[in-house]
Amino acid sequence: MLTASNLNFKFSLINNILFPLLIVLFRYFPSTADFSYVILAVYALFGRQQIIVALFLLWLFSMLNPQIVPITNNSSFSKYITILTCFLSILFRLNFAKIDKITIFTLGFGFFLIVHGYFFSQVPSISILKALNWTVIIIILLLTWNEMNSSEYERTKNLITNFLLIIILISLVLLLFSHLGYEVNSRYFHGILNHPQAFGLTVASLTILLLVQLFSHNRFKLFLLIYILICILLVLVSGSRT
């Protein structure tokens, strides 16, 4: 009974937002910044939700304000290791009968980009690597979302939404009390991210998710409206062409 209880606790921790936040905390400190990618790669092996969150955190790590987080020595190599573990993780869980036409089309389009890069690019190796990277990530995302049941889908969507809310709330604090949100661009605000355009697109994406939540509830939710108004403010101060 105690063993089963311990296992349930471990899996609930893995499925909780606290563990991804712990990985982000590891990325924040210089002494553990490189190790955070190792944890992220292992984390992706635990399930479909973890694959999506791992790719989301990989994107977040690449977009964080360099004035806030340290530069890592092996981030490029670690990024590809994490993508590889995400691919292996979904491959082991994949029902090949459920592969849809969009995934097959994406695979074909990725193959076209690789061939095009090989024959027409001035630097074929870079073009092929970018095309391969894009293709693998998109296929991982398509396969993972398609493999989820409804509860898994909702849980993952809510976790990503909560993470985006944390990003905008911390950025709002920077807007009010710090100059760090203007380090990269002195005119437009970029919050904890590294560019105003990226920040604007991120906040706009969150706004869409919050609007969907607002209109899907039977009763009016004041806190959702407040979040949406904050998002609109942050999009405006970012100067993003969203």
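The legends below describe close-up views of a predicted model.

View 1. The pLDDT of the protein averages 89, and 93% of the residues score at least 70. Among the elements of the protein, the highest mean pLDDT, 96, belongs to helix α4 (residues 48-63), whereas the lowest, 49, belongs to helix α1 (residues 2-15). Where pLDDT is low, the predicted coordinates should not be read in detail.

**View 2. The buried residues of helix α2.** Helix α2 spans residues 18-28, and its residues F19, P20, I23 and R27 are buried. Seen down the axis of α2, the buried residues fall within an arc of 105°, so they line one face of the helix. An α-helix has 3.6 residues a turn, so residues three or four places apart point the same way.

**View 3. The loop residue P70 and its contacts.** P70 is placed in the loop between α4 and α5, the latter comprising residues 75-93. Although P70 and F29 are separated by 41 residues in sequence, the distance between them in the model is 7.1 Å from C-alpha to C-alpha. When residues up to four places away in sequence are not counted, P70 touches F29 together with R27, Y28, P30 and A33. One of these residues, R27, is also among the buried residues of helix α2.

**View 4. The packing of helix α8 against helix α10.** Two packed helices are described by the angle between their axes and the distance between the axes. Helix α8 (residues 150-177) packs with helix α10 (residues 222-238) at an angle of about 60°, and their axes lie 11 Å apart. The two helices, α8 and α10, are therefore oblique to each other, and α8 passes α10 in a left-handed crossing. From α8, the residues L165, I168, L169, L172 and L175 meet Y227, I230, C231, L234 and V237 of α10.

View 5. T202 has its place in helix α9, which runs over residues 196-216. The relative accessibility of T202 is 7%, and because residues under 20% are classed as buried, T202 counts as buried. Leaving aside neighbours within four places in sequence, T202 is in contact with W59, L164 and L193.

How values were computed: Residues are numbered from 1 along each chain as its sequence is written. This is a predicted model: local features need pLDDT of at least 70, side-chain atom pairs count only at pLDDT 80 or more; totals for chains, interfaces and linings use all residues. Side-chain values use heavy atoms; hydrogens and water are left out. Helices (H or I, at least four residues) and strands (E, at least two) are DSSP runs, numbered from the N terminus. Buried means under 20% relative accessible area, exposed over 50%, partly exposed in between (1.4 Å probe, protein chains only). Contact means heavy atoms within 4.5 Å. The arc is that of the directions from the helix axis to the C-beta atoms. pLDDT is the predictor's confidence in each residue, from 0 to 100. Axes are lines fitted to C-alpha atoms, for helices over the stretch in contact, and angles run from 0 to 180 degrees between N-to-C directions. Angles under 35 degrees count as roughly parallel, over 145 as roughly antiparallel, 65 to 115 as roughly perpendicular and the rest as oblique. A crossing is left-handed if the near helix is turned anticlockwise from the far one by less than a right angle, and right-handed if clockwise.
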